[in-house]
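Hi everyone, thanks for coming. Could you bring the structure up on your screens while I talk?

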Amino acid sequence: MMKALVYRGPGVKEWIDVPLPEMHDPRDAIVRVDAVTICGTDLHILKGDVPQVTDGRILGHEAVGTVLDVGAAVTGVAEGSRVLVSCISGCGRCRFCRTGAYGQCLEGGGWVLGHLIDGTQAEYVRVPFADLSLHVIPETVTD
Ligand SMILES: [Zn+2]
Ligand SMILES: [Zn+2]
């Protein structure tokens with residue numbers, strides 16, 4: 001189990017124990033969250049302004065962390081990589097991703113973390129399309 005900030009409907013959030021994230025796809029990574037932000041969008045979600053976010057969703061879509069595990073198809077990061085978790089994921093293959101418009105991804109990317117899938121305000125997070133959604137942080141840059 002791990003601790004996570006969970007949305008419970010407009011105006012209601014809980015810091016509770018939830019199951020650890022699991023790999024769903026060979027392009028996924030599991031990241032240990034070392035630092036996380038609260039975005040203005042999170043405040044909108046908490047007010048109930050983003051109805052796509054449903055009861056039980058772990059919030060958060062920006063973080064710095066350490067890669068714990070990667071799927072078999074991931075080549076750009078490895079266990080132990082210190083990474084920035086982007087708020088936007090992208091499959092890299094659809095017509096929008098091919099023009100760099102990852103936010104419009106047709107294959108399950110875009111803004112999904114803390115929105116359509118569980119997010120980063122937790123001890124661990126599953127990040128889809130890890131090669132395009134994680135950015136290795138230079139050693140000279142702190143969390
Ligand atoms: Zn944001
Ligand atoms: Zn795409």
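This is a predicted model: local features need pLDDT of at least 70, side-chain atom pairs count only at pLDDT 80 or more; totals for chains, interfaces and linings use all residues.

Residues are numbered from 1 along each chain as its sequence is written, chains are lettered from A and ligands numbered from 1 in the order in which they are written, and side-chain values use heavy atoms, with hydrogens and water left out.

So, which residues coordinate the zinc ion (ligand 1)? They are Cys39 through SG, His61 through NE2 and Glu62 through OE, at 2.1 to 2.5 Å. Donors here are N, O and S atoms within 2.8 Å of the metal (3.2 Å for Na, K and Ca), and since water is not among the atoms, sites may look incomplete. Along the chain, the donors of ligand 1 have the spacing C-x21-H-E. Cys39 sits in the loop between strand 3 (29-36) and helix 1 (40-47), and Glu62 in the loop between helix 1 and strand 4 (63-70), so this pair ties together parts 23 residues apart in sequence. Helices (H or I, at least four residues) and strands (E, at least two) are DSSP runs, numbered from the N terminus. Glu62 counts as partly exposed because its relative accessibility is 22%; buried is under 20% relative accessible area, exposed is over 50%, and partly exposed is in between (1.4 Å probe, protein chains only).

On to the zinc ion (ligand 2): Cys91, Cys94, Cys97 and Cys105 coordinate it, each through SG, at 2.3 to 2.4 Å. Cys94 and Cys105 are both buried.

Now Asp42, which lies in helix 1. Its side chain makes a polar contact (a pair of N or O atoms within 3.5 Å; within protein, one must be able to donate a hydrogen and the other to accept it, and residues adjacent in sequence count only if both atoms are side-chain atoms) with the side chain of Gln121, at 3.2 Å.

Last, Arg27, in the loop between strand 2 (13-18) and strand 3. With 26% relative accessibility, Arg27 counts as partly exposed. Its C-alpha atom is separated by 9.6 Å from that of Leu132, 105 residues apart along the chain.
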